[in-house]
Amino acid sequence: ISVFSGIAGTTANIADSELDFHSSSPGSRLFPDMLRYILQSAVYYRRINFVVMLAVAISTAVIGGSLIVGDSVRYSLRQMTLQRLGRITHVAQAPTFFRQDLAAEVQKKSGAGTVAPAILLTGSVEAHDGQSIHRAGSVTIAGIADDGWSLLETSDTPLPGDREVVLGYRTAMELHVKSGDTVSLWVELPSSIPRDSLLGERDETTLEIQATVSHVLSESTGASRFSLTPAQQLPYNAFLALDTLQTALGLEKIDAGRRSAVAKPARINAMLASSEKTPDTAAGNSAAAGALADDSGLAEAIKSQITPDDVGLRLRPITDRGYISAESDRMILPDPLSDAVLAAAEELGLSAEPTLVYLANEIAAADRDSGDKRYSMYSIVAGIPFQDRQASDSYRLRDGKPVPQLRDHDLLLSAWLAADLQVDVGGTVKARWHDVGSHGELPEIERDFTVQGIFPDDDPKTVDVNLTPHVPGITDVESFSDWNQPFEMEMSRITERDDAYW
C-alpha cells in the first residue's frame, strides 16, 4: 500500500513539473529521478503511510495470534480426545444385547489388535455419609474386561474386582467418596420388549448394585475422561468388572441344566476395538495392523459373523403349514430388520407377507344390548397386506369371493368370531384396544368397523395360531387365568367361549 501511494505521488509530481521523459537518455535521469520522487512522496504522505503500516501490523498480529490460539485449541482438543479414548479407535454399540463371543469372532476376522467386549449403560450413583445422600446422575457405567481395560489410560490402576468399582474423578468428587467407601449404582434392567409397548414391563425397571470403591482415578488420568460423547467438561463415569455387571443384570452365561432348560450365552452391548497391535500379536502380521484404518474393516467383520440372534431375530419354522415366521424379541421388527428379511426372501425366491398382530381388549357387535354377551374379550387382530394382489389371491371368503378392497374402517371376521358376535357382512362391530403412550401409559381407544367379509370355518390363515408371534407367558398357556401380562385385564368379562377358543 505504501509503494502504491508513492507511485501515485510520483505521478502527481511528474505532471506538475511537466517533465518530458522521452527527451532523457535511458539510465541518465530516469531512475535517479524516480527514486527521488518516491522518497519525497513517502515523506510527504508520511502520516497516511504510518497509519496504513500501523493498521497492517495490528491486523497481522491479530491474524497471527488467532492462528496460534486456534492451533493450540485444536491441539488441546485432540489431546483430550486421545486421552479420553486411550487406544480405542472404533466402538460398535447396539441398543440391545448380543453374544459376547461375537467380539472374539470379529477380532479374528478383522485382524484388529483388540476387540474387547463391554457393557455401556447410563445410570446414577449414590453415596450415603450417614447424614445426607449424594447423587451423581447421567453416569456412564461401564462393564469392562481385562482386554478392554488395557485400552484405556488408567495410570496402572487395576481393574476392579468382584463387587468393586473404580470411579472417575468428577464422579468421586460429586459423591464425596474415597477408596474403601461403599456406593450404590442404579441401572435400568435390560428388557428385550420396549417398556412403552403393550407387553413391556413397567414395574421394577431399575436395579441397585452395591459396590466398594477400589480406586478413584485422578483428574489427569485418561479414563477419568472416558466418554463416547465429545465434550470439554469432565464426564461422570464408573467402571465395573464385566462379569460383575453381567451377573447383576442377568446377562451372564447360563448352561443348560436345572436352572435353565435352554443354554444362554453371555451378552454385551458394545465392542471396543483398537487397530494397534500389541507386541506379542504384531509379529508376522504387520499387514493386519491397519485393518481398521477405516470403518469398513470392522463393519465387514461384524456383517460376516453376526447371527439372527445377535439382532433379536427369531426364525420359527412352521413345518405343518410350510412357512417360516420371522419374529423379533422386541415384538416389533425395526424397519431395517424387516427390510432385510423381505430382501432375503426375495433373493431366495420365497414369497413374504409382512403382518402386524395386536391384542384387542374387546370386539363386540355395535347393536348389542347391555345385557347380552355378543362380545369377545382379548381377540387377536392381524393387519395383512391385502393391497398386494398376489398375497390377497391366497385368501377366499366364505362365499367363495376374493377379498375386496378394504378401507380404513373395514375388516374381515373369522367364522368363529362372526358366529360369536352374531353379525354378518355389512354389520358393524366395535373394537377396544390399548394405545401405547409416550411415557408407558395405556389409554384405551374405541373404533367402529364395517364387516366386509367372513372367512370360512376351515380357512388355513384365520385358524393358524402361529400367526401370532410366540410370547412366553401368553401364547404358551392354555387359559386366560394363566397369562403373565404386564397390564390389567377384565377377567370378570371373559366368557367360557372366549377361554375355550384360546
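Predicted model: local features only at pLDDT ≥ 70, side-chain atom pairs only at ≥ 80, totals over all residues.
Q: Which residues of helix H4 are called buried, and why?
A: In helix H4 (residues 101-110), the ones in question are Leu102, Ala103, Val106 and Ser110. They get the label because buried means under 20% relative accessible area, while exposed means over 50% and partly exposed is anything in between (1.4 Å probe, protein chains only).

Q: Why say that the buried residues of H4 line one face?
A: Look down the axis of H4: its buried residues fall within an arc of 100°, so they line one face of the helix. That arc is the one spanned by the directions from the helix axis to the C-beta atoms. On the face turned away from the buried side sit the exposed residues Ala104 and Lys108. After H4 comes Gly111, with a positive phi near 75°.

Q: What makes Arg99 and Glu105 a salt bridge?
A: Their closest N and O atoms are 3.1 Å apart. A salt bridge is a side-chain nitrogen of Lys or Arg within 4 Å of a carboxyl oxygen of Asp or Glu, so the pair passes. Arg99 is buried at a relative accessible area of 13%, while Glu105 counts as partly exposed at 27%.

Q: What makes Glu446 and Lys430 count as a salt bridge?
A: The closest N and O atoms are 3.8 Å apart, so the pair still falls within the cut-off. Glu446 belongs to strand E15 (residues 444-454) and Lys430 to strand E14, 16 residues apart. Both are partly exposed, Glu446 at 43% relative accessibility and Lys430 at 29%. Elsewhere, salt bridges with shared partners join Glu362, Arg368, Arg432, Glu444 and Arg493 into one network. The whole structure holds 19 salt bridges.

Q: How do you know that E11 pairs with E12 and E14?
A: Two strands pair if DSSP finds at least two bridges between them. Strand E11 (residues 356-365) has 8 bridges to strand E12 (residues 375-383) and 4 to strand E14 (residues 428-434), so both pairs qualify. Each runs antiparallel. On the E12 side, Leu356 has Gly383 as its bridge partner; on the E14 side, Ile363 stands opposite Ala431 and Ala364 partners Lys430. E11 is mostly covered, with 8 of its 10 residues buried.

Q: Why are E12 and E13 said to stand at the edges?
A: The open sheet of 5 strands has the order E12-E11-E14-E15-E13, with mixed pairing. E12 and strand E13 (410-413) each have a single partner strand, so one side of each is left without a neighbour in the sheet. The twist averages 50° from one strand to the next.

Q: Why is Ser479 called buried?
A: Its relative accessible area is 14%, so Ser479 falls in the buried class. Ser479 lies in the loop between E15 and helix H13 (496-501). Residues up to four places away in sequence aside, Ser479 touches Asp499 and Trp502, where contact means heavy atoms within 4.5 Å. The C-alpha atoms of Ser479 and Asp499, 20 residues apart along the chain, are separated by 6.0 Å.

Q: What makes a group of residues a nonpolar core?
A: The members must be buried Ala, Val, Leu, Ile, Met, Phe, Trp, Tyr and Cys residues joined through side-chain atoms within 4.5 Å. The largest such core has 40 residues, and Val165, Val183, Leu185 and Met271 have the most contacts inside it. Strand E2 (residues 114-128) gives the most to this core, with 5 residues. Beyond its neighbours within four places in sequence, Val165 is in contact with residues including Pro160, Val183, Leu185 and Phe239. A second, separate core of 16 residues includes Ala142, Leu152, Phe226 and Ala270.

How values were computed
Residues numbered from 1 in each chain as written. Heavy atoms only, no water. Helix = DSSP H or I, 4+ residues; strand = E, 2+ residues; numbered from the N terminus. Axes fitted to C-alpha atoms, helices over the stretch in contact; angles between N-to-C directions.
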